[in-house]
Amino acid sequence: MKSLVVHNDRKHQNRFILIELVKKGIRLKYRRSYLGIIWSLLEPLLTTIVLTIVFGTLLGYKDPTFPVYILSGRLLYSFFSQSTTAALKSIRQNSAMIKKVYVPKLLYPLSAVIFNYVIFIISLIVLVALSFIMGVYPTLYIFQAIIPLVLIVGLSIGVGLILSTVGVFFRDMEYLWNVVLMLIMYTCAIFYKPDRIMGSKWSLVLRLNPLYCIIANFRNAIYGQSMDWGMILYATGFIAVSILIGIWMFKKNEDKFILNI
């Protein structure tokens, strides 16, 4: 009974620490910003306007809902990019606290993903508003959006745990990850429609990208189309494996972190 009480107290304490780390992450993100959280609404909107003008003109898209297409992909990619990058840096950025106070180290990359997810959820307000303005109205399929919104968190946690471990021992990972993110962006069909690619031998480049699978199904929910369950199952399997590998790598190496930060 006593061990059960201690276990529950520890869980409550870890939950409290996680919440505080999430709050700290949000405060630090907008510490020197005059617009604060409002910037999370303005930035994707301004980027969408630029991408719509540039790629809508270059690629000749006449679809009036093209801005919704771009924004829906841009928001999910931005969350994945920002959360995994924050997780990558989380252990080294909290080195002072790690050396002074015992906190389960897993909470640092986890909080990095969660605080970015909170900001991401708030930014969806822009997508809802733009969808109504552009005439993309919700259908019953919109409830399927819950699935990709859950999967994107799992993918970010799995990849984030791997990166946070590697980043402690290999400092250049931060720069390499920026290059990898750029390659991932181009294989997510954010500002172009993948119709021609999906009918060619290059379709595997997109289908093997779990982030593209998530984005494509999120768009299906917005545009009132059914899910591609093959993509969903693939993304789910990829996420499960990445989380298992991430936890294994993190737990195996966490005692060495203090010697390398």
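Over which ring does the charged end of Arg219 sit? The points below begin with the basis of the model and return to this ring at point 5.

1. Basis. This is a predicted model, in which local features need pLDDT of at least 70 and side-chain atom pairs count only at pLDDT 80 or more, while totals for chains, interfaces and linings use all residues. Residues are numbered from 1 along each chain as its sequence is written, and side-chain values use heavy atoms, with hydrogens and water left out.

2. The largest core. A nonpolar core is taken here as a set of buried Ala, Val, Leu, Ile, Met, Phe, Trp, Tyr and Cys residues joined through side-chain atoms within 4.5 Å, where buried means under 20% relative accessible area, exposed over 50% and partly exposed in between, with a 1.4 Å probe and protein chains only. The largest such core has 58 residues, and those with the most contacts inside it include Phe80, Trp177 and Phe218. Two or more residues are given to this core by each of H3 (66–93), H5 (107–133), H6 (146–169), H7 (173–186), H10 (210–222) and H11 (229–253); helices here are DSSP runs of H or I with at least four residues, and strands are E runs of at least two, numbered from the N terminus. H3 supplies the largest share, 13 residues.

3. Leaving aside neighbours within four places in sequence, Trp177 is in contact (heavy atoms within 4.5 Å) with Phe80, Thr84, Thr85, Leu88, Val159, Leu163 and Ile184.

4. Aromatic pairs. Rings of Phe, Tyr and Trp (its six-membered ring) pair if their centres lie within 6.5 Å, with planes under 30 degrees apart counted as stacked, over 60 as edge-to-face and the rest as tilted. The whole structure holds 11 aromatic pairs. In one of them, the ring centres of Phe250 and Phe257 are 5.2 Å apart and the planes stand at 80°, so this pair is edge-to-face; Phe250 is buried at a relative accessible area of 0%, and Phe257 is likewise buried, at 0%. Elsewhere, ring pairs link Phe79, Tyr117 and Phe120 into a cluster.

5. Helix H11. This helix has 25 residues and reaches 36 Å from its first C-alpha to its last, close to the 36 Å expected at 1.5 Å a residue, the expected span being 1.5 Å times one less than the number of residues. Its buried residues include Met231, Ile239, Gly246 and Phe250. At the start of H11, a side-chain oxygen of Asp228 comes to within 3.1 Å of the backbone nitrogen of Gly230.

6. Individual residues. Ala189, in the loop between H7 and H8 (195–198), has a positive phi of about 50° although it is not a glycine, and is buried with a relative accessible area of 0%. Gly25 belongs to H1 (residues 2–29); the C-alpha atoms of Gly25 and Ala86, 61 residues apart along the chain, are separated by 9.4 Å.

Methods. A polar contact is a pair of N or O atoms within 3.5 Å; within protein, one must be able to donate a hydrogen and the other to accept it, and residues adjacent in sequence count only if both atoms are side-chain atoms.
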